[in-house]
Amino acid sequence: MSENSIGNPLKKLRCVRCLLNAIDDKTALEIVNKYKADTPECDRALPEVYRQRLDTCLDCKYLERGVCLKCGYYVEARMYRKGGACPLKLF
Ligand code: SF4
């Protein structure tokens, strides 16, 4: 039996703990990007704060395919706002 007929099991693995910009979900990424573009500048978190928040999410077991399993939001959208907060108070 060739590898092609049984498939490569590693190819079935998906990235679970990652942000939308790293996975192939263009629709969700478009929604998040539109949300970010529509957020008034005065309501946006500072870029370094946004980056720190996303870095924390990337290390969190509750991040799954861009969604926080604790609050249900796309973290790249929620944390873009000044008031974006972690439900576990990690930031
Ligand atoms: S918002 Fe908090 S709980 Fe949710 S993924 Fe980010 S760090 Fe984890």
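How many helices and how many strands does the protein chain have? The protein chain has five helices and two strands, where helices (H or I, at least four residues) and strands (E, at least two) are DSSP runs numbered from the N terminus. Before I go on, a word on the source: this is a predicted model, in which local features need pLDDT of at least 70 and side-chain atom pairs count only at pLDDT 80 or more, while totals for chains, interfaces and linings use all residues. Residues are numbered from 1 along each chain as its sequence is written, and side-chain values use heavy atoms, with hydrogens and water left out.

Reading from the N terminus, the order of elements in the protein chain is α-α-α-α-β-β-α. Of its 91 residues, 27% count as buried; here buried means under 20% relative accessible area, exposed means over 50%, and partly exposed lies in between, with a 1.4 Å probe and protein chains only. The accessible surface of the chain is about 6500 Å², and carbon and sulfur atoms account for 53% of that; these areas come from the Shrake-Rupley method with a 1.4 Å probe, and for residues only the protein chains shown count as cover. As for contacts, meaning heavy atoms within 4.5 Å, if we take those between residues at least 6 apart in sequence, 63% join residues at least 24 apart.

The structure holds one cavity of 30 Å³ or more, and the largest cavity has a volume of about 90 Å³. Of the 14 residues lining the largest cavity, Cys 57, Cys 60, Cys 68, Val 75 and Cys 86 are the closest to its centre. A cavity, on a 1 Å grid over the protein atoms alone, is a set of points where a 1.4 Å probe fits but cannot get out, and lining residues have an atom within 4 Å of a point. Grid points are joined across faces, edges and corners, and the volume is the space filled by probe spheres set on the points. Sorted by class, the lining comprises twelve nonpolar residues, one polar and one charged, with Ala, Val, Leu, Ile, Met, Phe, Trp, Tyr, Cys and Pro counted as nonpolar, Asp, Glu, Lys and Arg as charged, and the others, Gly among them, as polar.

Which residues does Val 75 contact, leaving aside its neighbours within four places in sequence? They are Leu 19, Leu 54, Cys 57, Leu 63, Gly 66, Cys 68 and Tyr 80. Val 75 sits in helix H5 and is buried, because its relative accessible area is 1%.

Now the cysteines. A disulfide is a covalent bond between the sulfur atoms of two cysteines. With a disulfide taken as a pair of cysteine sulfur atoms within 2.5 Å, the count in this model is zero. Is Cys 68 buried or exposed? Cys 68 counts as buried, since its relative accessibility is 11%, whereas Cys 42 is exposed at 53%.

Another buried position is Thr 39, with a relative accessible area of 2%. Thr 39 lies in the loop between helix H3 (26–38) and helix H4 (47–58), and, not counting residues up to four places away in sequence, Thr 39 touches Arg 44, Tyr 80 and Arg 81.

Some loop residues sit on the exposed side of the cut-off. Asp 59, in the loop between H4 and strand S1 (63–64), is exposed because its relative accessibility is 68%; its C-alpha is separated by 9.1 Å from that of Cys 18, 41 residues away along the chain. Gly 72, in the loop between S2 and H5, counts as exposed at 54%, and Gly 72 and Tyr 62, ten residues apart in sequence, are 9.9 Å apart from C-alpha to C-alpha.

Finally, the backbone. Arg 65, in the loop between S1 and strand S2 (67–68), has a phi near 50°, a positive value in a residue other than glycine, and Arg 65 is partly exposed, with a relative accessible area of 25%. Lys 89 likewise is not a glycine and has a positive phi, of about 60°; Lys 89 is found in the segment after helix H5 (75–78), and its relative accessible area of 73% makes it exposed.

Note on methods:
On a 1 Å grid over the protein atoms alone, a cavity is a set of points where a 1.4 Å probe fits but cannot get out, and a pocket is an open set with protein on both sides within 12 Å along at least five of seven lines; lining residues have an atom within 4 Å of a point.
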